[in-house]
Amino acid sequence: MANDYYAVLGVRKDASTDEIKKAYRRLARELHPDRNPDKATQERFKEITVAYEVLSDPGKRRTYDMGGEPFAGMGSGAGGFGGFPFSDIMDAFFGGGGTSRGPKPRAQRGRNAQVRLQIDLAEAAFGTEREIQIETAVVCGTCGGAGTAAGTHPETCDMCGGRGEVSQVTRSFLGQVMTSRACPQCGGFGTVIRTPCPECDGDGRVRMRRPLTVEIPAGVETGKFVQLRGEGEVGPGGGPPGDLFIEIVERPHPVFQRKGDDLHCTVEVPMTSAALGTSMQLETLDGVEEVDIRAGIQAGEVVTLRGKGVTHLGRTDRGDIHIHVSVVTPARLDDRQRKLLSDLAKMRGEEGEIHIKPGQQGFFSRLRDAFSGR
């Protein structure tokens with residue numbers, strides 16, 4: 001299409017609305033497709049029609065004069081005038097308007113369905129098989145999806161003659177314009193159900209609660225979906241079903257916190273056990289594990305059990321368990337305990353000594369640096 005719409009219509013840029021209308025009518029009669037079947041003239045007719053659509057509309061003309069796109073937000077060639085979309089007018093002139101697209105089928109694909117399923121950490125780690133109850137649309141058992149009562153069939157629509165659409169011819173200054181729309185009586189199906197099935201009322205489907213076995217793969221976590229193809233809603237008219245999406249929600253574990261495929265937990269170790277070393281039993285996903293706490297372990301250190309975490313999704317190897325050590329300092333001491341600790345401090349030369357390590361920052365220093373961007 002040409003960019004200079006004023007030149008296309010042969011008018012000045014300050015032309016009035018009446019001048020623009022007269023110029024367009026003169027050119028439209030001259031270039032009308034009924035008189036000029038050649039392709040070049042038809043393209044020229046399209047140009048003057050688009051130009052008139054822009055310049056006859058005050059809003060589009062103002063946008064065009066300011067260098068903007070007059071059809072922005074409306075799609076290519078999506079404007080309209082004379083009460084008709086531009087695309088409908090072009091279809092009417094060049095063979096699209098009035099061409100039957102045929103009736104649409106009653107059987108249509110159903111929607112996808114979604115349910116939530118809560119599982120335990122062990123089920124997420126190793127996978128599991130669960131039986132759930134879901135309520136979805138299924139094919140009507142009475143009519144088999146046809147939507148009609150027993151012994152009856154859909155009848156051809158007497159309004160559209162089975163075409164699924166009706167056409168309307170309207171006069172405009174361009175001549176006769178034919179537009180098509182879905183038949184209001186049959187809804188575009190081309191047939192009507194005079195006697196609907198009493199079970200589904202003509203929809204071809206009913207809602208039913210049914211059991212379903214779900215395979216949960218190892219390694220899933222909260223927020224992941226398991227897709228079951230063909231287990232969703234059956235479509236209208238007994239159409240093919242959509243898919244079912246199982247949203248996984250993992251229940252909190254009393255001991256472990258999951259981060260990815262690793263598991264984390266915290267154990268409190270008495271000060272004496274941290275100094276002397278000890279062992280403990282930890283209930284893991286694989287059973288009881290003996291965990292060694294080395295002598296001299298410090299608060300905040302981590303003991304790792306390799307390959308005892310969650311299975312990596314789609315693989316066979318697993319994450320780890322990270323045991324965070326918290327050293328518990330006794331808060332209440334009797335006189336004998338206090339003397340024993342005091343004697344130990346004297347023996348180790350640690351009486352009242354506190355060492356500040358270079359580069360170690362306190363909480364408030366770290367907080368200050370975080371806000372200052374250091």
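Trainee: Which residues of H2 are buried?
Mentor: Ile20, Ala23, Tyr24, Leu27, Ala28 and Leu31 are the buried residues of H2. Buried here is under 20% relative accessible area, exposed is over 50%, and partly exposed is in between, using a 1.4 Å probe and protein chains only. Seen down the H2 axis, those buried residues sit within an arc of 130°, so they line one face of the helix. The arc is taken from the directions that run from the helix axis to the C-beta atoms.

Trainee: Before we go on, what kind of model is this, and how are things counted?
Mentor: It's a predicted model: local features need pLDDT of at least 70, side-chain atom pairs count only at pLDDT 80 or more, and totals for chains, interfaces and linings use all residues. Residues are numbered from 1 along each chain as its sequence is written, and side-chain values use heavy atoms, with hydrogens and water left out.

Trainee: Back to H2, then. Which exposed residues are on the face turned away from the buried side?
Mentor: Asp18 and Lys22 are the exposed residues carried there.

Trainee: And what covers the buried residues of H2?
Mentor: The cover includes helix H1 (5–9), helix H3 (39–55) and helix H4 (58–65). Contact means heavy atoms within 4.5 Å. Helices are DSSP runs of H or I with at least four residues, strands are runs of E with at least two, and both are numbered from the N terminus.

Trainee: How far does H2 reach from its first C-alpha to its last?
Mentor: H2 covers residues 17–31, 15 residues in total, and reaches 21 Å, close to the 21 Å expected at 1.5 Å a residue. The expected span is 1.5 Å times one less than the number of residues. Helix H8 (residues 335–348) has 14 residues and reaches 20 Å, close to its expected 20 Å. Just after H8, Gly349 takes a positive phi of about 70°.

Trainee: Switching to charges: how many salt bridges does the count come to?
Mentor: The count comes to 25. The rule is a side-chain nitrogen of Lys or Arg within 4 Å of a carboxyl oxygen of Asp or Glu.

Trainee: Where do Lys46 and Glu43 lie?
Mentor: Both are in helix H3, three residues apart, about one turn of the helix.

Trainee: Why would residues three places apart point the same way?
Mentor: An α-helix has 3.6 residues a turn, so residues three or four places apart point the same way.

Trainee: What does Arg207 form a salt bridge with?
Mentor: Its partner is Glu233, with the closest N and O atoms 3.3 Å apart. Arg207 lies in strand E9 (residues 205–216) and Glu233 in the loop between strand E10 (225–228) and strand E11 (244–250), so the pair ties together parts that are 26 residues apart in sequence.

Trainee: Is Glu233 buried or exposed?
Mentor: Glu233 is buried, with a relative accessible area of 9%. Arg207 is partly exposed at 49%.

Trainee: What else is in that loop?
Mentor: Asp243 and Arg229 meet in a salt bridge at 3.7 Å, N to O. Both lie in the loop between E10 and E11, so the pair ties together parts that are 14 residues apart in sequence. Asp243 is buried at 9% relative accessibility, whereas Arg229 is exposed at 64%. Elsewhere, Arg12, Asp14 and Glu19 are linked in a network of salt bridges.

Trainee: Okay, strands. What's the order in the four-stranded open sheet?
Mentor: The order is E12-E13-E17-E16, with mixed pairing. Two strands pair if DSSP finds at least two bridges between them. Strand E12 (257–259) and strand E16 (302–305) stand at the edges with a single partner strand each, so one side of each has no neighbour in the sheet.

Trainee: How do E16 and E17 run?
Mentor: They run antiparallel, joined by four bridges, with E17 at residues 321–328. Val303 has Ile323 in E17 as its bridge partner.

Trainee: And what joins E14 to E15?
Mentor: A hairpin does, through two residues. Strand E14 (residues 278–284) and strand E15 (residues 287–293) run antiparallel with seven bridges.
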